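This report covers the fold, the pocket lining and selected residues. The sequence and model are shown first.

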Amino acid sequence: MYKIAVIGDRESVYGFSSLGLDIYPAYSGDEAKILIKKLAEDNYAVIYITEALAKDASETIEKIL
């Protein structure tokens, strides 16, 4: 079964856990890059990421797409 993850600062992603989504707090682009790679390898079908972190991790995101 595929999973859904949310990456971002804790305040932004905390509420998504009540919807059953897996949350992964990250506060820098480097943290986000590591998480994106890990989650992609762990069969996450959808990874939501805050806009600020997505901007900092854009190269990693494009490699996975």
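A residue counts as buried under 20% relative accessible area, as exposed over 50%, and as partly exposed in between, with a 1.4 Å probe and protein chains only. By that scale, buried residues make up 25% of the 65 residues in the protein. The model is predicted: local features need pLDDT of at least 70, side-chain atom pairs count only at pLDDT 80 or more, and totals for chains, interfaces and linings use all residues. Residues are numbered from 1 along each chain as its sequence is written, and side-chain values use heavy atoms, with hydrogens and water left out.

**Overall fold**

Helices (H or I, at least four residues) and strands (E, at least two) are DSSP runs, numbered from the N terminus. There are four helices and three strands in the protein, and along the sequence they follow the pattern β-α-β-α-β-α-α. The radius of gyration is 11 Å, close to the 11 Å that the globule rule gives for 65 residues, so the protein is as compact as a globular protein of that length. Here the radius is taken over C-alpha atoms, and the rule is 2.2 Å times the number of residues to the power 0.38. Taken along the principal axes, the C-alpha atoms fill a box of roughly 30 × 30 × 15 Å.

Contact means heavy atoms within 4.5 Å. Of the contacts with a separation of 6 or more, 49% are between residues 24 or more positions apart.

**The largest pocket**

On a 1 Å grid over the protein atoms alone, a pocket is an open set of points with protein on both sides within 12 Å along at least five of seven lines, whereas a cavity is a set of points where a 1.4 Å probe fits but cannot get out; lining residues have an atom within 4 Å of a point. Grid points are joined across faces, edges and corners, and a volume is the space filled by probe spheres set on the points.

The largest pocket has a volume of about 190 Å³. Its lining consists of Ile36, Ala40, Tyr44, Ala45, Val46, Ile47, Ile49, Ile61, Ile64 and Leu65. Helix H2 (29-41), strand E3 (44-49) and helix H4 (58-64) are the elements that give two or more residues to this lining. The largest share, five residues, comes from E3. By class, the lining has ten nonpolar residues, no polar and no charged. In this count Ala, Val, Leu, Ile, Met, Phe, Trp, Tyr, Cys and Pro are nonpolar, Asp, Glu, Lys and Arg are charged, and the others, Gly among them, are polar.

Rings of Phe, Tyr and Trp (its six-membered ring) pair if their centres lie within 6.5 Å; planes under 30 degrees apart count as stacked, over 60 as edge-to-face and the rest as tilted. The whole structure holds one aromatic pair. Tyr24 and Tyr44 form this edge-to-face pair, at 6.2 Å centre to centre with 85 degrees between the planes. Tyr24 lies in strand E2 (residues 22-25) and Tyr44 in strand E3, 20 residues apart, so the pair links distant parts of the chain. Tyr44 is also a lining residue of the largest pocket and counts as buried, at 10% relative accessibility.

Asp22, in strand E2, is partly exposed at 28% relative accessible area. Not counting residues up to four places away in sequence, Asp22 touches Lys3, Ile4, Ala5, Val6 and Tyr44. Val46, in strand E3, is partly exposed at 31%. With the same exclusion of residues up to four places away, Val46 touches Lys3, Ile4 and Ala5.

**Helices and loops**

Thr60 lies in helix H4 and counts as buried at 7% relative accessibility. Leaving aside neighbours within four places in sequence, Thr60 is in contact with Lys33, Ile36 and Lys37. Glu41, found in helix H2, is exposed with a relative accessible area of 66%. Asn43 sits in the loop between H2 and E3 and has a positive phi of about 65 degrees although it is not a glycine. Leu19, in the loop between helix H1 (10-13) and E2, is exposed at 63%.

The table gives C-alpha separations for some of these residues.

| Pair | Separation in sequence | C-alpha to C-alpha distance |
|---|---|---|
| Asp22 and Lys3 | 19 residues | 7.9 Å |
| Val46 and Val6 | 40 residues | 8.5 Å |
| Glu41 and Ile64 | 23 residues | 9.8 Å |
| Leu19 and Val46 | 27 residues | 14 Å |
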